[in-house]
Amino acid sequence: MIEKVFMCRPLHGLSKSSTLPLSFIHWRNPLVHFSSSESSHPQSQMQNREQERSSSSYFIGSPARVQKLIASQSDPLLAKEIFDFASRQPDFRLSYASFQILILKLARAKHFTLVDDVIIRLKSSCHSITPSLFLNLIKIYTDADIPGKALKIFYTMLEFNCKPSPKHLNHILKALVSHRNYIRPAFDLFKNAHRHGVLPNTKSYNILMHAFCLNGDLSIAYSLFNQMFKRDLFPDVESYRILMQGLCRKSQVNTAVDLLEDMLNKGFVPDALSYTTLLNALCRRKKLREAYKLLCRMKVKGCNPDIVHYNTVILGFCREGRAADACKILEDMPSNGCMPNSVSYRTLVGGLCDQGMHDEAKTYVVEMVSKGFSLHVSVSHGLIKGFCNVGKIEEACGVVELLLKNGEAPHSDTWLIILDMICEENDKVRTQNALQDLLRMEITRHTRIVDAAAYLEGYVIGKIRAKSRRR
């Protein structure tokens with residue numbers, strides 16, 4: 001019967017004189033169903049319904065039944081109409097659960113003006129309020145990207161004499177600092193939190209430290225970090241990491257390393273992201289020796305280096321023209337429980353090619369492909385181009401052959417370079433051998449070399465015509 005309550009939904013709110021659906025009247029007035037004088041004759045039932053319809057008030061059942069009816073509505077506006085109708089009945093008091101369910105329904109549907117109206121009515125209802133209502137509203141306004149409304153709800157919570165918890169404070173701080181214009185209001189709320197009966201915890205400090213670091217206000221972040229010790233709070237791993245990231249953004253890498261030492265001396269075990277931050281900063285500042293030493297110390301200090309740490313250092317060495325040292329790092333990875341991935345090999349091969357170490361690069365390409373990794377087009381192009389530049393056409397063709405065996409076709413620019421080399425007029429024997437190696441490959445529908453056939457044919461024809469004209 002409850003599901004049929006509002007089958008005939010009015011366009012506006014119901015009034016005492018409104019015409020209601022018969023099923024709603026049936027549910028509201030038990031006398032219609034259970035009166036001992038009620039006749040089973042249809043005409044008698046209709047008379048009773050007309051009497052009920054014309055009565056000055058309605059019996060709408062218990063607050064619990066109204067609560068279930070509101071909760072069952074998928075349309076928040078319909079739930080609001082039921083709520084409004086019930087609240088207008090004499091001597092009827094809606095339950096707190098009805099208020100809470102309706103407020104959250106309206107908020108999730110983004111009917112924020114209606115939410116404010118119901119909250120005002122809740123305040124005058126003299127119900128005992130639970131903090132969870134405001135926490136849920138703060139989360140909804142945060143997800144809706146409305147920090148101003150979230151802040152207003154926090155202060156509304158105080159008007160209900162509902163004491164906020166650190167969890168409420170942290171949610172509202174996180175909502176505010178996500179907008180640069182609200183960082184200062186968040187800081188003001190943080191400083192005055194004790195006046196509202198809530199004391200910030202370590203997470204509260206971390207939220208503001210992170211915001212000020214991203215905003216470039218490193219001095220304020222550092223001040224907050226030091227304040228924790230004065231307030232009998234202790235920084236956690238995240239606190240140190242946030243400050244180290246801020247220092248590295250300001251190129252204060254040495255200070256960040258000192259902070260890591262302080263962290264270790266206090267018995268903290270830095271997390272993987274803390275080490276990644278420092279390794280990346282050291283490599284960018286060209287402090288490769290310090291980066292490698294830090295990488296080696298990680299395992300001793302309780303954090304095993306992962307693939308990101310190794311790849312960061314390999315990239316740092318390759319950028320500075322020290323690809324040979326990067327090779328040693330890659331060779332040490334398996335013994336330390338970390339296997340190289342495709343990024344490791346691509347970075348190393350690119351670094352070796354930049355230094356003209358093409359034979360060493362080819363060795364790692366073969367190893368890479370044997371492990372099932374795909375050779376990126378930029379890496380293969382650089383290696384083939386490097387071999388062609390020093391006249392090693394057989395080696396270049398060997399790389400092409402390796403690509404084709406694994407179902408990959410070189411880029412058209414790569415073909416342009418290699419064919420230009422093998423079509424040199426004075427290299428007929430070498431050209432014949434190279435082409436025989438290439439044509440020996442079995443071409444399948446997965447090889448993709450077929451896609452380049454038209455381009456290659458046009459290129460070779462053009463070379464032949466150019467030679468004919470020169471003769």
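Trainee: Which residue lies over the face of Phe-187?
Mentor: Lys-191 does, at 4.6 Å from the ring centre. Keep in mind that this is a predicted model.

Trainee: How confident is the predictor, then? What is the mean pLDDT of the chain?
Mentor: The mean is 82, and 77% of the residues reach 70 or more.

Trainee: Where does pLDDT stay under 50?
Mentor: One stretch is residues 1-40, for which the model has 68 contacts beyond four places in sequence. Another is residues 445-455, with 19 such contacts.

Trainee: And which elements have the lowest and the highest mean pLDDT?
Mentor: Helix 2, residues 30-34, has the lowest at 33. Helix 18, residues 307-319, has the highest at 97.

Trainee: Back to rings. How many aromatic pairs are there in the whole structure?
Mentor: A search finds twelve. In one of them, the ring centres of Phe-83 and Phe-99 are 5.0 Å apart and the planes are at 85°, so that pair is edge-to-face.

Trainee: Where do Phe-83 and Phe-99 lie?
Mentor: Phe-83 is in helix 5 (residues 76-87) and Phe-99 is in helix 6 (residues 96-108). The pair therefore ties together parts that are 16 residues apart in sequence.

Trainee: Is Phe-83 buried or exposed? What about Phe-99, buried or exposed?
Mentor: Phe-83 is buried, because its relative accessibility is 0%. Phe-99 is at 5%, so Phe-99 counts as buried too.

Trainee: What about Phe-134 and Phe-160, how are their planes set?
Mentor: Their planes are at 55° and their centres 5.5 Å apart, so the pair is tilted. Phe-134 belongs to helix 8 (residues 131-143), while Phe-160 sits in the loop between helix 9 (147-159) and helix 10 (166-177). That pair ties together parts that are 26 residues apart in sequence. Both Phe-134 and Phe-160 are buried.

Trainee: Which residues form an aromatic cluster?
Mentor: Tyr-222, Phe-225, Phe-229, Tyr-240 and Phe-268 form one.

Trainee: Are the cysteines buried or exposed, say Cys-213?
Mentor: Cys-213 has a relative accessible area of 7%, so Cys-213 is buried. Cys-283 is at 5% relative accessibility and therefore counts as buried.

Definitions and conventions: Residues are numbered from 1 along each chain as its sequence is written. This is a predicted model: local features need pLDDT of at least 70, side-chain atom pairs count only at pLDDT 80 or more; totals for chains, interfaces and linings use all residues. Side-chain values use heavy atoms; hydrogens and water are left out. Buried means under 20% relative accessible area, exposed over 50%, partly exposed in between (1.4 Å probe, protein chains only). pLDDT is the predictor's confidence in each residue, from 0 to 100. Helices (H or I, at least four residues) and strands (E, at least two) are DSSP runs, numbered from the N terminus. Contact means heavy atoms within 4.5 Å. Rings of Phe, Tyr and Trp (its six-membered ring) pair if their centres lie within 6.5 Å; planes under 30 degrees apart count as stacked, over 60 as edge-to-face and the rest as tilted. A charge sits over a ring if NZ of Lys or CZ of Arg is within 6 Å of the ring centre and within 35 degrees of the ring normal.
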